[in-house]
Amino acid sequence: MASLLDRLGTERHRRFVGRNREIELFQNAIAASILPFHILHIFGPGGVGKTSLLNQFERICRQMKISVTCIESRNVEPAPESFLGTLREVMNLSPADSPLQVLGKQVERQVIFIDTYEKISSLDEWLREVFLPQLPENTLIVIAGRNSPGAAWRSDPGWQALMQTVPLRNLSPVESLTYLTKREVPTAQHQAILDFTHGHPLALSLVADTITAGQEIIPTSAPDVIKTLLERFIQEVPTTSHRKALEACALVRITTETLLSQMLDLPDVHELFLWLRGLSFIESGQQGLFPHDIAREVLIADLRWRNPDLYTEFHHRARNYYTTHLQHQGQEKHRLLFDYMFLHRDNPAIRMRFTWQEHNSLLTDTLRESDKTLLLAMVKQHEGEESTKIAARWFRSQPENVVVFRSSTEPIGFAMMVSLHTASLEDIRADPAAMVCWRYLQTYAPLRPNEGATIFRFWMARDTYQAVSPTQSLIFINFVQFFQQTPALAYTFLPCADPEAWSQMLAYFDLAQLTEADFEVGGRRYGVYGHDWRVVSPIVWQQLLAQREIAATTDTTILPPASGAVQSLLVLSQPEFVEAVQDALRNFLRVDALQNNLLLRSRLIEEVMTTSSDRLATLQNLVRNAAESLQSTPRDEKLYRALYRTYLNPAPTQEQAAELLDLPFSTYRRHLKAGVMRLSDILWQREIS
């Protein structure tokens, strides 16, 4: 008679879908006369189906009469003695038996499964250096966990040759539909479920459980489904404060006591923090607390439906927290930027274009001489020989503009930000990308004196190129940091090997696709996106992102500023700017004429204005303050007096102004002209800085 274990395996197999590539890889490996690799490392976020895949692998082994040993790391203390004790227990050995000796005597092929590996990550070195090397060569070890193999695995030439890594992602739409069909979910609800779950296996399973239980409800429009999913995680919430703490934790990437205090507007949240930490679906990382992926999804969906005002307020408080700390913390700035960007993950325009989990092993560094060979090998692998020559040239001429991403000390990706305005014409002409972007600037957006333009010429991860990955996410965070900290940056260009794949997210970040700047290298065509920071300044850009941060759609239309009647910024040349300053002085006290001044649409005003009605007053204050700054030096004080008696507090005529200043008229005119130019220069430097 078949056992319940057999029936359980049959049902698991019946409902299992997808993962064909992974299963074929495993089958080919264990069927080979000599194992092609000895470590199969599967990694992916929580709930993505790693355990289900291991169950399928185990089923295949049993069908092929291959011995298996299964370890669930959740039940193992991260110590060698505990690991060996667990192994002894699952192998049904006596306390005196050595698991290694028993495994070593196994003549036939055998497979050891280690699930939830992140729970024993502190044993990584011991397993790699002590335990695993003692196993016989007929052994395949399958490791499943949330994180990719550490740098020590990849830097060891021996393990490099013996290990195969497999990142596990969500199911494809076709696989998701197959699963829903197997679960007998009504076809009319399939698309709504796909939109809600994005193919996440655990979410699909929970939603299917709910619907097949008799609730004919579309999950995205029915709060009862969210409630059911929540009940899978939350048994009891003691108070309203506990509920808010849970929702705040779901909204941000990593929760600390300090951040939780600001989001809840409470001076002491220690007890709430400890309560969160004890929940089964809340995990503790090196930087703080974070919920399981699916728990986060349903908590946010519930809050957004049930209390949209609190959802918006939490975003506002978290944004203020990050903005404040970004100004004061140097070493932590990079992580805080990532936390800041995490607030945007609810918007579907960028949701799937970042990996949001912790990446503690990834470091950002400058270019070292020893990196160049490895980085050029990446370029050659992904873009070909011609691009490699171009990259080598930029490495020589602008090495300071290369950012290298490392796992420990090993480069796993890089980004090259070419400074177009400082590049030689020879270097620009040698690179089709730089040449077409330079021509675009000359034609559509000429640089003014002291302004700069950058092209993010090369950006890639070693293994995944420009596809979504932890390294790609880190690259984009560095781009944002570059926007924020580079003075006098007027224009940025971002080339993409697959521009359509990034169109929605880059439009969200207000980068326009510039078809005129497309280019070709080595027979491959690249699309280019760009942003003029003189038209949408960094401050306005941040306001725009704040609007989109809490939007529920992918719409990337620029909403009007809070002031309501502001037109787009003007990019004035220096002569145009000086003429506008002269006009502002002539009409300084004539509001009807001053309201047509072009400076009102300049970045100079946009950076400091608050409301539309303040624009005229802002312009007057800027002009007055700039003029008064001339009093700081004896040489310029005479210029201020001429401006004061002519424009700020004018005499009836210029002749009378000269008399009040006790100056010959010609001297007065000379001082006035010099004062206007000196004032224009002060304001111009603020405009372009």
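Which residue follows helix 19, and is its phi positive or negative? Helix 19 is followed by Gly384, and the phi of Gly384 is positive, near 100 degrees. Keep in mind as you read that this is a predicted model.

Helix 19 covers residues 372-383, which makes 12 residues. From its first C-alpha to its last it reaches 16 Å, close to the 16 Å expected at 1.5 Å a residue.

Now look at which residues are hidden. In helix 19, the buried ones are Lys372, Leu375, Leu376, Met378, Val379, His382 and Glu383. Viewed down the helix axis, these buried residues fall within an arc of 150 degrees, so they line one face of the helix. Thr373 and Gln381, on the other side of helix 19, are exposed. What do the buried residues pack against? Their partners are helix 20 (385-397), strand 9 (402-407), strand 10 (410-419), strand 11 (452-461) and strand 15 (524-532).

## Strand 9, covered on both faces

Strand 9 is one of the partners of helix 19.

Strand 8 (residues 362-366) is joined to strand 9 by 5 bridges, and the two run antiparallel. Leu362 stands opposite Ser407 of strand 9. Strand 9 and strand 10 are antiparallel as well, joined by 6 bridges, and here Ser407 stands opposite Glu410 of strand 10. The hairpin of strand 9 and strand 10 has 2 residues between the strands, and in this hairpin Ser408 takes a positive phi near 65 degrees.

## Strand 11 and its neighbours

Strand 11 is mostly covered, with 10 of its 10 residues buried. With strand 10, strand 11 pairs in the antiparallel sense over 7 bridges; Val418 has Ile455 of strand 11 as its bridge partner. With strand 12 (residues 489-496), strand 11 pairs in the parallel sense over 4 bridges. There, the bridge partner of Thr454 is Thr492 in strand 12. As a general point, strands of a sheet pair through backbone hydrogen bonds, either parallel or antiparallel.

Let's move to another part of the chain. In an open sheet, 5 strands are arranged in the order 2-3-4-1-5, with parallel pairing. Strand 2 (67-72) and strand 5 (163-167) are the edge strands, each pairing on one side only. On average, neighbouring strands of this sheet are turned by 15 degrees against each other, direction ignored.

Inside this sheet, strand 1 (residues 39-43) and strand 4 (residues 139-145) run parallel and are joined by 5 bridges. Ile42 has Ala144 of strand 4 as its bridge partner. Helix 2 (residues 20-31) packs on the sheet and touches strand 1, strand 3, strand 4 and strand 5, with its direction at about 165 degrees to that of strand 5. Helix 3 (residues 50-63) packs on the sheet too, touching strand 1, strand 2, strand 3 and strand 4; the direction of helix 3 makes about 165 degrees with that of strand 3.

## A closer look at Gln110

With a relative accessibility of 3%, Gln110 counts as buried. Its side chain reaches the backbone oxygen of Leu103 at 3.0 Å. Among the residues that Gln110 touches are Ile66, Ser67, Pro136 and Asn138.

Most residues other than glycine have a negative phi. Arg19 has a positive phi near 60 degrees, and Asp265 has a positive phi near 55 degrees. Where do they sit? Arg19 lies in the loop between helix 1 (4-15) and helix 2, while Asp265 lies in the loop between helix 14 (257-264) and helix 15 (270-278).

Are these residues buried or exposed? Arg19 is buried, with a relative accessible area of 7%, whereas Asp265 is exposed, with a relative accessible area of 59%.

How values were computed: Residues numbered from 1 in each chain as written. Predicted model: local features only at pLDDT ≥ 70, side-chain atom pairs only at ≥ 80, totals over all residues. Heavy atoms only, no water. Buried < 20%, exposed > 50% of the residue type's maximum accessible area, 1.4 Å probe, protein only. Polar contact = N/O pair within 3.5 Å; in protein donor to acceptor, adjacent residues only side chain to side chain. Contact = heavy atoms within 4.5 Å. Pairing = 2+ DSSP bridges. Axes fitted to C-alpha atoms, helices over the stretch in contact; angles between N-to-C directions. Expected span 1.5 Å × (residues − 1). Arc of directions from axis to C-beta. Lists of a residue's contacts leave out its neighbours within four places in sequence.
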